[in-house]
Amino acid sequence: MRAPLAEPAERGRLDIHPGVLRKIVERAADGVPGTLRNERSIAGIDVGEYGASARVTVGTGVPAPVDVRLELTLRYPTAVRVVVEAVQAAVAVELDRLAGHRMRTLAVTVTGLRGPSAPAQARLR
Amino acid sequence: MRAVLRVLAPLLGIVLATLGVLVVIEVVAAWVLPEQEGGLLVPWPEWGRVLAGLYWNDILVRGTAIGVGVVGLLLVLVALTARRADLRLVAPSDDMTVTTSPRVLARLVGTRVRASDDVLSASVTASERRVAVTAQAWDDAPDELRETLVDRVQELLTELPLRRTPRVAVSVQEREGVR
């Protein structure tokens, strides 16, 4: 005789790798107007570009809280505080919508403030 | 101090790696060539004899211990003082921290200073407490150029959401020759 099935909520578990959360955070931050992408070059040769860089630490609890450290290049002149606030909102929304995680803290390091034309403009899709 | 650390770290790494390689060579040589008298590259049997003749209360042992302790403390001091000197920015909410590097601020100040037609070139160093600008001006630059540059830099600093506004120091050097 077959054993009775467990409750649907207890039949498995979903773990999302921190690398996926990192990608979600970086993509959300890159999509905020006012953030910029940088050209990546090796020995002066252009090898593409990069945007926001994130490190994600997942805590314990339900839903699991997430601590995010984010490095950004911002457009200048622009209101740094407004852009950072928009980034915070976008990252929190995307983490909740795509992964069901709650952003607990956000530490932003502004690694560059520059005009939009040099060297690359924000790529928004 | 970060520069010191960047030089020290690879040097210490190279020294430790070299010591490790020497140990491996000597151990392998002792296995393969047991009839060899003394070490292959390092005269460790001789060192062993010297060490065997030493006592804990010898001056040499005490001096070496004190020297190693002092060097270790200096390394700890260098490591502790070589923190990143980030500039804190005003954060929109309490659960956020926003920082930037002195280099970013120095670049912004440099761009603002060099935008003046009377400035030929400029170098900037920035920290949380102080922004220092050394500008090279054309010889026909107005006398009040220094004050103008100070105003420009201070205007820029007020535009940024810095938690602590640094002091501004501008020095202007005149360049000989015509523009």
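In chain B, strand 4 (residues 130–137) and strand 5 (residues 167–174) run parallel and are joined by eight bridges; two strands count as paired if DSSP finds at least two bridges between them. Helices (H or I, at least four residues) and strands (E, at least two) are DSSP runs, numbered from the N terminus. Within this pair, Thr134(B) stands opposite Ser171(B) of strand 5. Between strand 4 and strand 5 of chain B, the chain passes through helix 5 (residues 145–159), and this β-α-β crossover is right-handed, a term that applies if, with the strands pointing away from the viewer, the path from the first strand over the helix to the second runs clockwise.

This is a predicted model, in which local features need pLDDT of at least 70, side-chain atom pairs count only at pLDDT 80 or more, and totals for chains, interfaces and linings use all residues. Residues are numbered from 1 along each chain as its sequence is written, while chains are lettered from A and ligands numbered from 1 in the order in which they are written.

The contact between the chains takes 15 residues from chain B and 16 residues from chain A, where contact means C-beta atoms, placed from the backbone, within 7 Å. On the side of chain B that touches chain A, strand 2 (96–100) and helix 4 (102–114) each supply at least two residues. Strand 2 of chain B gives the largest share, five residues. Strand 2 of chain B also runs parallel to strand 6 (residues 102–114) of chain A, with five bridges joining them. There, Val110(A) stands opposite Thr100(B).

In chain A, the peptide bond from Tyr76(A) to Pro77(A) is cis, with omega near 0°. Pro77(A) lies in the loop between strand 5 (65–75) and helix 2 (80–99) of chain A.

Methods. Contact = placed C-beta atoms within 7 Å.
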